[in-house]
Structure formats: C-alpha cells, structure tokens
Amino acid sequence: MINRITYRFIFMLVCMCTSVYMQAQQNDDFVTAYKYIQLNQVDSARARIDKAMRDSVTLGKDPQAWYVRGYIYKVVYKTREASDRNSPARLQAVYSFFKSISLTADTGKQMRADCKVNLKYLAARFYNDAAQALDTSNYKNPIQYFAQYLSIMKKIEPDMSTVKMEVEFAMALATTYTSLYQANQKTRANFLELAKGSLAKALSLDPNNVSANYNMGILYYNQAVYLIKGQDYDIDLTSLDAIQDNQVQLFKQSLPFTEKAYALDPKKEEALLALSGIYFGLNDFEKSKLFQEKLDQLKKEQKH
Amino acid sequence: MKKLLFICLCPLLFSAYQQQEDAAAMNAKKKTIFLYSFTKYIDWPPDYKEGNFVIGVFGNNPTLVSELNKMAATKMAQSQKIEIKSLNSIESSGKYNILFIPAESTAQSGDAIARLKGHGTLVVTEEKGMIKKGSAINFVTIESIIKFQLSIPNAEKQHLKIGRELESYAVKTND
C-alpha cells in the first residue's frame, strides 16, 4: 500500500522530473521505470532504470536521470533492505545522488538541494546503523557505517561540524572496547588499547570533554588495580615489586585525566572517588582521605 | 519528506562511566601476597608447625581478612592449613604464627609485641619506628611502592629462622 509520504515523494518526483521525462520519453525503459515507481513496483522500476542508464549514453550524463535512479534505489532500500545494514541499494542510491550532483550545473540548484535532502536521509540511516549495531559481538561494522555517515556529510555539508557526533561515537566505541576487555582481561589486552585509542580520539576533538577525561582516567586506574587483582598469591616478591612499579606508572597516567575531569566538573562525585582511589593506590593516604572528605562534603551539599 | 531522527548515543554514554575498582582491596591483595610469601621463607619453631598455621589480624580490617581468607582457602603454609583470625585483643596465651598489626590499629595494640616476646610469632607491622619496638617485619612505602624492613635480631628473639632470600628482598633503613 502506498502511504501518504510516498505520494508526496511521487508528486515531487513528477514535478522535478518533467523535463527529464520529456527528454527521455524516447527511452522506453526509462519511461517504464518511471511508471513502475509511481505504482510502487520497486523491483521492476529498478530493473528498468538500470537497463535505461546502461543502454543510453544520454541518460548517463543527465543529472535528473541519476536523481530518478537514486530515488528508485532509495525506495528499494526502504522497502526491501531497510533491515540490511549492508544494503547494496542504499549504496547505489548514495552513488546515484552524488553522480547527479556532480553532473548538475550551477543552474540546477533545486536538483542539488533535493539530492542533498536524500543524501542526508541516507547518511542518517548509516549513523543510526552505527549506533544500533554497536555492541560487543559486533564492533567492526559500526566503524564502517559511521565512516560512511561522515563521508556523506562532509561532502554535502563541508562547513557543518561533525565533531559532536564524532566524539559521541568515539566514546561509545570506547565503551564497547572496554566491555570486551573486561570480559577477559588476560586475553583481550588489545581491546584496552583500542579503548584508550578511541578516548584519545574523542579528547583530540574535544579536550574538555568531562566524560572522556574521566573515562580515560578510570581506564588507567582500573588497569593498575587489575595488575594485582589478577595475580596468584604465589607470585614471587621480585614480580610483586615489578607489578607495583607498573601500577605506580599507571596511577600517575590516570591522574591528569581524572584531575581535569574534576576541574571541569567539580560536582562530579565519580571524579572525587577516583582521585581518592588513585592516591590510595599511590599509597598517599593523606591525599586520598582529602578527596574522600571532599566527596563526603559534596554529597552532604547535594542532599540539602 | 519525513525527517529521520538520529539515534542518540547519549544513553550509552551516560551508562559508560567505568566502574572504579576497589583500591583498598588491591592493597589488601598485596599484603596478602607478602604475608603468604613470608610463610615460604621463614622457619617456625617445631611446636608452631603443628595444627593450623594461624595468621592473626589485629583490629577491624574486613577487607584484608576477606582477602586472607580467600588465600587460605586455596593455599597451605608448607603442610599446614592456614587459618585467619580477626583479633580485637591479643592474648599472651594465643598461638599465632603471624600477627599482623595494621597501621590504623597500631595505637590500640599497646604492648602486644612485648606480650608475645619469645613466642614463635612473626610480628608484622606497618608503622614507622615499629622495628625499634620489636616488630620483625615492618611494611614501608617507598616512592609509592610497598616494601618491608626486616629485623633478624627481632625475628630470632621469636625463635624464627629467616631465609636468606627474604633478607635480600628487605629494604635497609635506619628506623
């Protein structure tokens, strides 16, 4: 059943494609494809538009023909492959809209604008796929989806800042890597490094991000604690000495990030707790107590 | 055209605050490793090699006691089963292979070391100056790392024989 939105699309399409329809009316395949999509017969429309574009040199150079192709593939994607995150139709739609833009002369502002609207829609679907697919069992594909989102957006809106979304994605990715690491810390140390890398990327884009600073601090902190937590009671004292040495380095690496998170957000209880823990780990019990007292005070204030 | 909304990653971020591991438990683990190591390098008098190998912890230190109990559940002191006792007072009649007096309980321990003088008890402390007060082993922190001082004379007063390897791990300090 064709819904209201599809009718609106078709209406738009009819208005926009009158000229190409006129120019291309000699091409039976194009005309048939056009009719099929109006009838919502998407598979037939796809077959015909591809044949038309393949066979006609003229259509291959026509931005409006590429727009129609993009639209047909977008409908194919929405109706047939919406749940397929690797949808070939979506990629074809993106390709066609970009091709249309590349062939559109400066006079075709409306055509460019319409292509951009469709590309923004497809980019948003890539972004949402990245967000939805991001879990511990599937962490590689979201990176690719997010890259596709960025690639489209940077081409159609070169002045638009994608920093906020890049930071959010890097942090979400770091969370996934951390979960993977925590599931088996002995065999998955590489995920810890990936988590650090993701947070470092977030911080390079937004150095004053409280969560990124805090999470980076906690990654180092937890790594330090785990060094001893995961040990057997049988380890010799030389090994224990070496572990303690490594721990001190990690606690010291944790400190600047956690201090910055606290400086940026003095009401952040987690940062105070972490600072107390870091100094406890460094066996500086006075400072540890100082931050614990600050935390207690903050909790009191927040109660009132 | 229907506007597609971006799925917000924020809920993921808000739950993304990493859980902080327990630093106190970490220190308890270190001390447990130390205490267990001491059982390998020290020779106790014959009557202390019978029955359970008792490690007493003076004062209220549930984190350390819990960690020691975990160790005791899986390890032996030579052929002896390890038993952990949390002590509110130290009786001179008590038989402890190791007595650990944590820093926060040192003030309450009074003359406990003197009362156990001549027993086969390894007294382990973690307060500056405790070697001078008769402790055989005293934990110290040097550049954020826990190490230990060792007094052979104090150990010998308790009829304990210290292995050379343990001596090599100990730090030399003047207090």
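A residue is called buried if 20 or more other C-beta atoms lie within 10 Å of its own, exposed if 12 or fewer do, and partly exposed in between, with the C-beta atoms placed from the backbone. By that count, 43% of the 304 residues of chain A are buried. What you see is a predicted model, in which local features need pLDDT of at least 70 and side-chain atom pairs count only at pLDDT 80 or more, while totals for chains, interfaces and linings use all residues. Residues are numbered from 1 along each chain as its sequence is written, and chains are lettered from A and ligands numbered from 1 in the order in which they are written.

**Select chain A**

Chain A has 14 helices and 0 strands. Its radius of gyration, taken over C-alpha atoms, is 28 Å, well over the 19 Å that the globule rule (2.2 Å times the number of residues to the power 0.38) gives for 304 residues, so chain A is more spread out than a compact globule. Along the principal axes, the C-alpha atoms of chain A fill a box of roughly 85 × 45 × 35 Å.

**Select residues 109-133 and 141-156 of chain A**

These are helix H7 and helix H8 of chain A, whose axes come within 8 Å and cross at roughly 155 degrees; the axes are lines fitted to C-alpha atoms over the stretch in contact, and angles run from 0 to 180 degrees between N-to-C directions. H7(A) and H8(A) are therefore roughly antiparallel to each other, a term for angles over 145 degrees. Among the residues that make the contact (C-beta atoms, placed from the backbone, within 7 Å) are A:Leu119, A:Phe126 and A:Tyr127 of H7(A), together with A:Tyr145, A:Phe146 and A:Ile152 of H8(A). The residues of this contact divide into 14 nonpolar, 2 polar and 3 charged, where Ala, Val, Leu, Ile, Met, Phe, Trp, Tyr, Cys and Pro count as nonpolar, Asp, Glu, Lys and Arg as charged, and the others, Gly among them, as polar.

**Select two loops of chain A**

A:Ala82 lies in the loop between helix H5 (63-80) and helix H6 (88-103) of chain A, and with 13 C-beta neighbours inside 10 Å it counts as partly exposed.

Then go to A:Asn40, in the loop between helix H2 (28-38) and helix H3 (42-55) of chain A. Most residues other than glycine have a negative phi. Phi of A:Asn40, however, is near 65 degrees, a positive value. A:Asn40 is partly exposed, with 15 other C-beta atoms within 10 Å.

**Select the contact of chains A and B**

How many residues does the contact take from chain B and from chain A? It takes 29 residues from chain B and 42 residues from chain A. On the side of chain B that touches chain A, helix H1 (10-14), helix H2 (23-41) and strand S8 (145-150) of chain B each give two or more residues, and H2(B) gives the most, with 9 residues. That side of chain B divides into 18 nonpolar, 6 polar and 5 charged residues.

Finish at B:Glu143, in the loop between strand S7 (137-142) and S8 of chain B. Phi of B:Glu143 is near 50 degrees, a positive value in a residue other than glycine, and B:Glu143 is exposed, with 10 other C-beta atoms within 10 Å.

How values were computed
Helix = DSSP H or I, 4+ residues; strand = E, 2+ residues; numbered from the N terminus. Parallel < 35°, antiparallel > 145°, perpendicular 65-115°, else oblique. Contact = placed C-beta atoms within 7 Å.
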